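Biologist: Thanks for making time today. Could you walk me through the aromatic side chains in this model?

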Amino acid sequence: MQIERAEELYHKYFAAVYSVCFLYMKNEADACDMVQETFLRLIQGDFSWRDEEKAKAWLIVSASNCCKSQLRRSWRKRQVAYDAALHDKGKEESDNLLLRMIEELEEKYRLPVYLYYFEGYKSAEIAKMLHISASAVRSRLAKARKQLRMELEDERP
């Protein structure tokens with residue numbers, strides 16, 4: 001891919017790719033690493049999309065796949081436990097309760113919720129990206145909403 005085109009896509013979709021990576025990795029440094037890996041794959045690949053939405057969809061799915069691969073590595077599992085312990089010690093309250101709650105959702109619910117509510121994709125589009133049926137996407141969204149609703153009710157005084 002041409003460097004100029006990759007740079008254009010980087011500036012246009014960095015926020016979306018970073019958000020997906022942060023949902024998986026749960027810390028800024030690892031999310032940035034996965035964003036870098038995603039855009040590196042873009043530069044090394046032979047892509048020529050004419051449709052901007054296809055480029056954005058590819059970047060989101062690729063970011064998701066990079067994160068999943070990273071999380072499957074055995075050394076990563078040991079490191080995450082250590083990082084979580086450190087993070088909990090000095091944890092500051094997040095300004096956005098809902099985003100924190102979304103981060104805590106099960107992996108299969110996190111990405112559909114993000115894509116639907118934050119990126120504005122329809123369930124059929126999400127289904128194509130994630131290689132699942134549209135009804136599975138709608139089901140995951142409904143279950144995620146139910147979990148979030150229950151957690152929000154628990155947070156009330």
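Modeller: Gladly! This is a predicted model, where local features need pLDDT of at least 70, side-chain atom pairs count only at pLDDT 80 or more, and totals for chains, interfaces and linings use all residues. Residues are numbered from 1 along each chain as its sequence is written, and side-chain values use heavy atoms, with hydrogens and water left out.

Biologist: How many aromatic pairs are there?

Modeller: Rings of Phe, Tyr and Trp (its six-membered ring) pair if their centres lie within 6.5 Å; planes under 30 degrees apart count as stacked, over 60 as edge-to-face and the rest as tilted. By this rule, the number of aromatic pairs is 6.

Biologist: Which is the relative accessible area of F118?

Modeller: Buried means under 20% relative accessible area, exposed over 50%, and partly exposed in between (1.4 Å probe, protein chains only). Y114 is buried at 6%. F118 is partly exposed, at 41%.

Biologist: Which ring does the charged end of R110 sit over?

Modeller: A charge sits over a ring if NZ of Lys or CZ of Arg is within 6 Å of the ring centre and within 35 degrees of the ring normal. R110 is one of the buried residues of α6. At 5.6 Å from the ring centre, its charged end sits over Y24.

Terms used:
Helix = DSSP H or I, 4+ residues; strand = E, 2+ residues; numbered from the N terminus.
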